[in-house]
Amino acid sequence: MEEKIEGQSFVMPRLGLGEQLLSEYEIEIEGVAKGRGSLLVFAGGKTYMLKMFQGSKDKAGELAGVLKQLADWDETVEQILPTKEGDFLVREEGGPAYILKSFKNGRECDIKNPLEMLEGARKLADLHMAFNEIVHPKTELFQTPEHSLPQELYRHNREMRNLRNYIRKKKSKNSFEEAYQNAYGVFYSQAEKIEREILQENISGEEKQWGFCHGDYHYHNLVDCDSRSRVLHFENMRWDSQVSDLAKYLRKLLEKNRWNPDLGLDVISTYERVLPLGDEKRRELYLRMAYPEKFWKIANHYNNNKKAWASKRDGEKLQQVIAQERDRQTFLELLYNQNE
């Protein structure tokens, strides 16, 4: 599980949050504990999570309203608590903003268990159907131009080029830089081709086909898949093509399972048994999966660090990406042929 409760003796940790943030809520605090990037708060026999939130007070309030409606779909969906003043966001003076939400621990879904991964696909389709029933949302609060697919790919491709140019200028290259330079041509040509096709076909460009997306749907945010599965951490929710959720979930689990084609196709068919995609969204899914996302992520991480420990770690990941490329292409060919 992402957040772990540490011990039974609670002392208010100094995380830069300050007790004054929690004092803005109508709860009697019994104890707190550090979570990963969060603060777990124990009050009235319940557990809450104080977590950083990227967005405005209006967006936090709208998110709270969407989650309240989702409770009719699944009563275990996290809910954001209002402050004494009725706001859904608190901000440290001169610092970041936070939300306080309900939290229930659970066992993270097993990425190596096909049945649990299929349950995750079913749950995602079910969540998307529930999203599509949300009444009167202010969708403009959940849209960010830089998150549009064409703009994302443009930035990603630029970052890959920038790293290639940086490496070219170096007289002495480490092992990661040599491996990146050797692999760059193959992966960048894929990235450039996908960016061009997405622009030409206006993939994910029609807002009328959009809906609410979880925004960070993967196995870390999915728990208890062997019984009643639950989805966690909705704070990255966005208004976009819902195929983005499916593509992210599918990519993450295939990277951990050597691009097992049977598993990948089973995940898609499980999703479609609940919510059919249609030809355009199947095409979008193919293009999203064909983009060399992992290669870009490695380049992005190295761009932001460029340190000895980073090159070793990134070098190991890069070798894994290169080793799995044939399996990835086998899956993509099957996915492409399914769409024909």
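Let's start with helix H6, which gives the most to the lining of the largest pocket, with seven residues. By helix I mean a DSSP run of H or I of at least four residues, and by strand a run of E of at least two, numbered from the N terminus. A pocket, found on a 1 Å grid over the protein atoms alone, is an open set of points where a 1.4 Å probe fits, with protein on both sides within 12 Å along at least five of seven lines; lining residues have an atom within 4 Å of a point.

A word on the model: it is predicted, local features need pLDDT of at least 70, side-chain atom pairs count only at pLDDT 80 or more, and totals for chains, interfaces and linings use all residues. Residues are numbered from 1 along each chain as its sequence is written, and side-chain values use heavy atoms, with hydrogens and water left out.

Back to our largest pocket. Its volume is about 860 Å³, where volume is the space filled by probe spheres set on the points, joined across faces, edges and corners. Of its 37 lining residues, His147, Glu152, Gly215, Arg238 and Lys248 are the closest to the centre. What classes make up this lining? There are 13 nonpolar, eight polar and 16 charged residues. Here Ala, Val, Leu, Ile, Met, Phe, Trp, Tyr, Cys and Pro count as nonpolar, Asp, Glu, Lys and Arg as charged, and the others, Gly among them, as polar.

Now the second largest pocket, with a volume of about 360 Å³. Its lining has 19 residues, and closest to the centre are Arg251, Glu255, Lys256, Lys294 and Gln320. H10 gives the most, with five residues.

H6 (residues 243–255) also packs with helix H3 (residues 114–131), at an angle of about 170 degrees and with axes 11 Å apart. Axes are lines fitted to C-alpha atoms, for helices over the stretch in contact, and angles run from 0 to 180 degrees between N-to-C directions. So H3 and H6 are roughly antiparallel, the word for angles over 145 degrees. In their contact (heavy atoms within 4.5 Å), H3 brings Glu116, Met117, Gly120, Ala121, Leu124 and His128, while H6 brings Asp245, Leu246, Tyr249 and Leu253. By class, that is six nonpolar, two polar and two charged residues.

Note on methods: Parallel < 35°, antiparallel > 145°, perpendicular 65-115°, else oblique.
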